[in-house]
Amino acid sequence: MRRLTQKHFIRLCRRYSSSNAIQKKRFDKILVANRGEIAIRVFRAINEMSRRSVAIYSEEDVHSVHRQKADEAYIVGKGLAPVAAYLNIPDIIRIAKQHGCQAIHPGYGFLSERSDFARACVENGIVFIGPTPEVMARMGDKVAARKAAIEAGVQVVPGTDHPITTPEEAVEFAKTFGTPIILKAAYGGGGRGMRRVDSIDQVEDAFKRASSEALTAFGDGSMFVERFIQRPRHIEVQLLGDHYGNVVHLYERDCSVQRRHQKVVEIAPAPDLKEEVRNAMLSDALKLARHVGYQNAGTVEFLLDQNGKYYFIEVNARLQVEHTVSEEVTGIDLVQSQINIAEGCTLPELKLNQSDIKLIAHAIQCRVTTEDPARDFAPDSGRIEVFRSGEGCGIRVDAASAFAGAVVTPHYDSLLLKYISRARNHRKAALKMARALHAAVDTYFIDENPNLFKFVPSQNRGQKLLRYLAEVNVNGPQTPLITSLKPSNVEPIVPKIPTTPPPTGFRDILKKHGPEAFAKVVRDRHACLITDTTMRDAHQSLLTTRVRTYDMEKIAPFMSHNFANLYSIENWGGATFDVAMQFLHECPFERLETLRKAIPNIPFQMLLRGANVLGYSRYPDNVVYKFCDLAVKSGMDVFRVFDSLNYVPNLIIGMDAVGKAGGVIEAAISYTGDVSDATRTKYDLNYYLKLSEELIKNGAHVLCIKDMTGLLRPTAARILIDAIRQRYPDIPIHVHTHDTSGTGVASMLECIKAGADVVDAAIDSMSGITSQPSMGALVASLKGTPNETELNLDAISKYNNYWEAARSLYAPFECTTTMKSGNSDVYKHQIPGGCYTNLQFQALSLGLGNRFEEIKQAYAEANEVLGDIVKVTPSSKTVGDLALFMVQNKLDKHSILERAGELSFPKSVVELFEGRLGQPPYGFPEPLRSKVLRGKTGISSRPGEGLPPLDFDALQKKLEEKHGRELRDVDVMSAAIFPTEFDNFEQFRQKFGPVSHLSTRAFLVGLDVADETHVEIEKGKTLAIRYLATGKLNEKGEREMFFELNGQVRSIFVQDKEAAKNLVIRPRANLSDKGSVGSPMPGQILEISVKEGDKVCAKQTLFVLSAMKMEMVVEGMSFNLMHLPF
């Protein structure tokens, strides 16, 4: 007789015990003690097996999809915290018993590895779909699992031989075995409660964080410590065991692609794994499972070092997140197999003999999580506004709350869905994924390949535009409307445009032969040339600079084909730059680039404020030079360089910068006074001739007379232009005026007769009043004369019709609400055209609208008080500020001089007298200047002289950190000139997207119900947006706005600012405040390590956050003072 050894006796006992411990029984109703994606996965299997499913859900999950997918659903853990609800064993057992559930499937996470949960099920007559409580206790305890592996003859990593609960024990292990070490949750997995520690001084804090995280996730903070294996691959073997001692493997998975010890990508079978190593691993996994009598599904995990040696690390006694790839490569449904085994079926009955299990495919799983790559993958939460799912042959999607409108809370795991690709080989499976993995990797793969996470940020333009339209509809226009008039519903008609290339224009000459040759061609031309100001000065004067690129771009190709003989198109500079960002929410450089693409043949012209560039203050010289260089590269050609005081040093800097950039230097003399009045001693003919000489001597290609006020009477025009032409016969002369007095056309005709080569005009419907003279009138008046233009009146008529309709879209900014016509009293008050309308609207905003006649009179007196200065932005604004100040305070030119020592003058007046704009031609008036400055010393040299160069690289780095994206040189330049306006614009654009592509009416006042607008966001991509309805106000003070985007219903929640005034809004971090610390993720504060008034050092722990079962330490930055929202 054969001797019965102790080993055989134990095996027979196990087999006898197992065979009698289970009775075959079909489950009619199964409860799934989980949520989200895995719950739905199990429900699907239950449904396919024709069983009834029961879901549980916490109070926070009342809207969760998983409860809707089950046949029945019941609330669990009422009144408990979100995670604690799913850890409430008594309540789960109560629900199962109360509703007749014969079995419970735990899914993964939560209670899935808790032996006390499995035991509670058994004690209450409920089958736990998983291993027995005894096996779970042994395998779920990493220390006990190590012992079992050693007993089974499987190699293990050096580690603690029992769970530890104090940091001191971890420190002692580190001292004994050295670092690095790895801390792991003793009773859980999935990367929760896991920390790598590289030095002993980090052990205590890492232990606290990992233990706290494990306690939250698994209900037990006990830890296991082991030596950290450098650069391993993480290989795991999928097992199935029945209650009769049968165990099989479903091959291995490679889970080496990890971040924060959590698996990200899983591959089956493991690529580039030597066959002998694979077979040995599979054999050891089966050996360990048989040794402990393993039942149901489980995973044995190994670390494979670079020498091909592998070590057992743990058993996951549950279904795993990545079970899907094993299903795909073997064709076996693991969840259904689990249920069948729990019902008492044997593996052979399920046709799951090892010889029957073959590798039939290759598969890869990628986890999609609600984490933000821009914030180091911190868990994110909120409402999913847009969701697009990847689909197609060989793609499986396991998901739950992955749809538009789903709300992701901060309470649970960040896993949103899983993509599983399946193909005949690894490469093809990889190609089905967004990013292919062509070879074996180790657990450092993500850390050492940061390029994996250099994502092109999602533009999400459609949703952002919906948010903008919703914001406008709920809270009103996002650019302030000045009048009560509404934009018309007219769609301006663009005349027919030829499909052939546009004819050659003056820009072709400029680009081919250079500025000097360009100027010579202009001077040799007999025909009068015209600059069209419609796209800049005309709408600056009539519509407060509010015309958008959208309406310019539509008519631009027509101009290119029909007005190739224009000297230039003025479309940039001056006030258009800051207004574009501040009020139109568009990039001024993008405007220039867009128009240049549409009009390649006609020179573009801009207004450059000399050393002041485009701003209202002084800048370092390198800013002036770099701006001009960037402007030329972006498409600018002719630079009208002027100074608000005709201060030559300021002009020369601008002229030199333009010349070095390769642009046409059009040096401008700002006109004031009256050269036809022999009694005037200031600004006489000699003044202008002398100034012309200085500008020509300093390199002007073209000389401009800039009559920004409209003071150049016909007689004076003839005298001035004739004198300059006689003295300087070779320089082209360009004249600019405003038609405020109504004599603009007459004055320009006189200039042309006297020898001017170019004059400014605006298209008829955008001309007159404070704008430029009418283009059509000038062209018609010159017809049949030696100076007849080469422009076609029929084309002008079509062009005019377009702008007549387009102007009606800008009714909210229409100057004719306050000024019905031109006014000859401009010769008295001398208010420049653009300044005139702005001053009117300023008066209205100050409640002085009915006193504008007084303000005009005060303007004349203010000019006299200031010494009769040249008046053009910004000096014209200074005079206007003083005029308003005088009217508000009931002052006249006499009283203001008498009381100058006690008055608090407007800032612009003080800066003028300080010399920040330069030096006026006839000096500052005394003793007024001394009284205003009150002992301060003014600037006697050029204002920008001596300013240190701006460090553009440092500024770019600072801005990119602030706004979170790569910036172009032109963006940095915009910020250098207008820092506040650029910051606001950038934040606006990131929030609301490319609003410049919206139609003007929609941009200004939004859509009416059932209105539809088409938005071409780029060539070949057009969004169809229809506004459907506005929802009621909710408890958060929000309204839900409903739209259709390309036929799909979308909704946006918008805070109703008026209704939400009484709501308490939590403060948010201010990105522009370096001492302001924001939360890196929404969640719960577990621990606060500082108090108000503390001095915070860099890297000092401020507080600990918990969200989605992950903890994060928020540290201080390198600033002494920080603002914390206590």
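These notebook entries cover cysteines, aromatic rings and charges over rings.

I worked from a predicted model, in which local features need pLDDT of at least 70, side-chain atom pairs count only at pLDDT 80 or more, and totals for chains, interfaces and linings use all residues. Residues are numbered from 1 along each chain as its sequence is written, and side-chain values use heavy atoms, with hydrogens and water left out.

Cysteines. I looked for disulfides (a pair of cysteine sulfur atoms within 2.5 Å) and found zero in the structure. For Cys528 the closest cysteine sulfur, in Cys751, is 9.8 Å away, which is too far for a bond. Cys704 is likewise in no disulfide, with the sulfur of Cys751 as its nearest at 10 Å. I noted that Cys704 is buried at 0% relative accessible area (buried means under 20%, exposed over 50%, partly exposed in between, with a 1.4 Å probe and protein chains only), and that Cys528 is buried at 4%.

Aromatic rings. I counted 30 aromatic pairs (rings of Phe, Tyr and Trp, the last by its six-membered ring, with centres within 6.5 Å; planes under 30 degrees apart are stacked, over 60 edge-to-face, the rest tilted). Trp572 and Phe577 pair edge-to-face, at 5.4 Å centre to centre and 70° between the planes, and both are buried. The pair of Trp572 and Phe589 is also edge-to-face, because the planes stand at 70°, with the centres 5.1 Å apart. Ring pairs join Trp572, Phe577, Phe589, Phe627 and Phe978 into a cluster.

Charges over rings. I checked for NZ of Lys or CZ of Arg within 6 Å of a ring centre and within 35 degrees of the ring normal. Arg35 lies over the face of Tyr412, 4.0 Å from the ring centre, and the charged end of Arg67 sits over the ring of Tyr57, 4.9 Å from its centre.
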